[in-house]
Amino acid sequence: MSTLFVFGDSFSEEFKEFMRPPVNLTQGRSEYIVNHLNGIVPDGWPTKLADKLGYELENCAGINGVKHKYGGEGNCNSSIFNNISLKSEKFKKDDIVIIEWTTMERFKWVNDVDNCMSTILPNQFDGPFNVNVLENVLVNRSHYLWINELFISHNIINKLAESIGFNLFYWTVDRNIVNFKLDEIKNPNSHYLLTDKLKINLDYKELFHSLGARTITEEVNNKINDSHYGITGHNIISELFYDDIINKL
Amino acid sequence: MNTLFTFGCSYTQGFNRSENNNFYRRFKEYRNGNLPKDWPTLLSEKLGFELKNYGEDASGNNQIFQEICSRCDEFNDGDIVIVGWTFIDRYRWVDYENNTWKKHGSGHIDENYITKSTHEEIVYNRTHPFYIEEIYNYEKIIDELSFNKKFKVYYWSAAENSIITNIPTEKLRKIKKYILSDQINLENNNLRQIITKKSGLTINEETNGFIPDDHLGESGHKVQSELFYKHIIN
């Protein structure tokens, strides 16, 4: 049986990960399941897609990514790349690999206190460094050269896909990546998903929203503050990706 | 004809591609207008391979990996790729004014585009061994591409006292992709020490201190190319 490998940040995570004991109801997705779905755990888009395709799923995104030495589960693109690299020996002909790139501002930083490689998010003012470092890094990382660097790293993944014969697809939750690289993304050889639907200022998240995908916050009328997708979002993503992948296989 | 690809920092770049380097210019004058062949050139000649040397001075490991990603389309069956990792504290930073990358490492920086305190925190953070793990992680995808595209890949490190030599000796001895893995160790036998023992000198030593550059001179490059050749052929 072929395998669907999924890499990315929390937008590619499964709901079931948030119901592993001990369940933390201050976590948006746990609260969503317990209080709004009567404890019934929905499938995330990777599971739905794997089922539609008839593929085994190996989800290496976000919370399922490698931690500690290689980067935190919040996942910056460097950590996501690490996860891809670590799994690369398992890719085989006809597998499908879907890579979601996260927002460019996130970066890796060794946390000496916890002795781990952490991922720093833009709102993390309590990080293990002077706040000036955070501000300087965030400003610097907003330059397009960092996006260019990410796209250069595509080359080795693309080449590996070509030489092994697995099917490779990218997408991203970062609007800046879509806006800066729209021409490259729309190139038929780019491996990006849903390229015929993307436009300047119509990135993946806006596309999903226009088709009915709602965040948890939107689904529960602001009773939970969580910008990850609820059931509607995961359904839309799995359907869109399935149709596009089937057309391209 | 097959190709030898070399990637790394100034320890790979060699002399002839570094014309702006003041020490190398003085070295050329000292040698009456000629520069010796560097180890990538000597090695490619011994192997009978065409050479594509993509080493660049002051590169950090992220940049070296990026260069490999940029060039991996060129690798073919039977080619040899040699990657020379460098010091882990090096990193890149965007110079907004000129829209270019600036290469940084420990030491003096231009404070026009990064504050001293930010630079120092980044450099300090990057000295953690987890950044060495990042290098070994890069190797996994390069190795996988090498296996599938059927080119050979070898690694060595200009950061003699951390990358590769931090692998436990017993384990290191079995990993042939690391050049001189059968000889090097962290305590007393890194690559530079082996070159010195075989009479390979630095520019500083070859010019009797006239040019204070600790990069390898003619004899050093010759010894390095011979050591690498023997490892690859074996």
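How many residues does the contact take from chain A and from chain B? The contact takes 27 residues from chain A and 28 residues from chain B, two residues being in contact if their C-beta atoms, placed from the backbone, lie within 7 Å. The model is predicted: local features need pLDDT of at least 70 and side-chain atom pairs count only at pLDDT 80 or more, while totals for chains, interfaces and linings use all residues. Residues are numbered from 1 along each chain as its sequence is written, and chains are lettered from A and ligands numbered from 1 in the order in which they are written.

**View 1. The side of chain A that touches chain B.** Helix H3 (77-87), strand E4 (107-111), helix H4 (131-141) and helix H5 (144-164) of chain A each supply at least two residues of this side. Helices (H or I, at least four residues) and strands (E, at least two) are DSSP runs, numbered from the N terminus. H5(A) gives the largest share, ten residues. By type, the residues of this side divide into twelve nonpolar, eleven polar and four charged. Here Ala, Val, Leu, Ile, Met, Phe, Trp, Tyr, Cys and Pro count as nonpolar, Asp, Glu, Lys and Arg as charged, and the others, Gly among them, as polar.

**View 2. Chain A as a whole.** Chain A has ten helices and six strands. Its radius of gyration is 18 Å, close to the 18 Å of the globule rule for 249 residues, so chain A is as compact as a globular protein of that length. The radius is taken over C-alpha atoms, and the rule is 2.2 Å times the number of residues to the power 0.38. The C-alpha trace of chain A spans about 45 × 45 × 35 Å along its principal axes. Of the 249 residues of chain A, 43% count as buried. A residue is buried if 20 or more other C-beta atoms lie within 10 Å of its own, exposed if 12 or fewer, and partly exposed in between, with C-beta atoms placed from the backbone.

**View 3. The cis peptide bond of chain A.** The bond from Pro21(A) to Pro22(A) is cis, with omega near -5°. Pro22(A) lies in the loop between strand E1 (3-7) and helix H1 (28-36) of chain A.

**View 4. The largest nonpolar core.** This core has 98 residues; such a core is a set of buried Ala, Val, Leu, Ile, Met, Phe, Trp, Tyr and Cys residues joined through C-beta atoms within 7 Å. Among the residues with the most contacts inside the core are Phe7(A), Ile99(A), Ile68(B) and Tyr155(B). Helix H6 (residues 130-149) of chain B gives the most to this core, with eight residues. Leaving aside neighbours within four places in sequence, the contacts of Tyr155(B) include Val83(B), Trp85(B), Glu139(B) and Lys177(B).

**View 5. Two asparagines of chain B with positive phi.** Asn32(B), in the loop between helix H2 (22-30) and helix H3 (39-47) of chain B, has a phi of about 60°. With 6 C-beta neighbours inside 10 Å, Asn32(B) counts as exposed. Asn208(B) has phi near 50° and lies in the loop between helix H9 (203-206) and helix H10 (218-233) of chain B. Asn208(B) is also exposed, with 8 other C-beta atoms within 10 Å.
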